[in-house]
Amino acid sequence: MNVTYKKTKNLDPKKLLDLYHSIGWAKKANSKGAKDIAKAYKNSQIVISAWDKNKILGVVKGITDKITQGIVTGLVVHKNYQRQGIGRKLFFKCVKSYPKVKWSVRSAKNADKFYKKLKIKKDHNPWFEVKK
């Protein structure tokens, strides 16, 4: 397998949906949901994806003010390609895009072990979620 990394916001909705389905996300998403997922990547400032030829293996997205703070808001690696260093590379490529920025991570609860392996310290400052 020859993994290449690309900075592109134009990701195929169907390929993203297949990626999400592989890890149990977006279980009920259809083609409209896939377009919304793709739009979320298109609207993010940083998007880096991992590929083996034309198969997407993983993707990370982040937002930042480019000076002080940034948030990694999503990191997904296809179930069949996890534990091969792809997630690690995607994460560090994202945060190294703006190395002087203090980065935070917004992740799924089951991702704690992954971030601990990366030596990312869990910050106990509270996040507040605004409900609509």
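**A walk through the strands and helices**

In this predicted model, Q69 stands opposite K102 in β5. That pair belongs to the parallel pairing of strand β4, residues 69-77, with strand β5, residues 102-105, which runs over 4 bridges. Between these two strands comes helix α3, residues 86-95, and β4, α3 and β5 together make a right-handed β-α-β unit.

On its other pairing, β4 meets β3 in the antiparallel sense, over 7 bridges.

T64 lies in strand β3, which covers residues 55-64. Is T64 buried or exposed? The relative accessibility of T64 is 9%, and because buried means under 20%, T64 counts as buried. A polar atom of the T64 side chain lies 2.8 Å from the backbone oxygen of Q69, the residue that stands opposite K102. Leaving aside residues up to four places away in sequence, T64 touches Q45, I46, Q69, G70, Y98, V101 and W103.

In α3, the residues I86, G87, L90, F91, C94 and V95 are buried. Seen down the axis of α3, these buried residues fall within an arc of 155 degrees, so they line one face of the helix. An α-helix has 3.6 residues a turn, so residues three or four places apart point the same way. What do the buried residues of α3 pack against? Their partners are β1 (3-7), β2, β3, β4, β5 and α4.

Helix α1, residues 13-22, also has buried residues, namely L16, L17, L19, Y20 and S22. The N-terminal end of α1 is capped by D12, with a side-chain oxygen 2.8 Å from the backbone nitrogen of K14. After α1 comes G24, whose phi is positive, near 85 degrees.

Confidence is the remaining topic. The protein chain has an average pLDDT of 86, and 86% of the residues score at least 70. Where in the protein chain is confidence lowest, and where is it highest? Helix α4, residues 112-117, is lowest, with a mean of 80, while strand β2, residues 46-52, is highest, at 97. Both of these elements are among those that the buried residues of α3 pack against.

Methods. Residues numbered from 1 in each chain as written. Heavy atoms only, no water. Buried < 20%, exposed > 50% of the residue type's maximum accessible area, 1.4 Å probe, protein only. Polar contact = N/O pair within 3.5 Å; in protein donor to acceptor, adjacent residues only side chain to side chain. Contact = heavy atoms within 4.5 Å. pLDDT = per-residue confidence, 0-100. Pairing = 2+ DSSP bridges. Right-handed = clockwise from strand over helix to strand, strands pointing away. Arc of directions from axis to C-beta.
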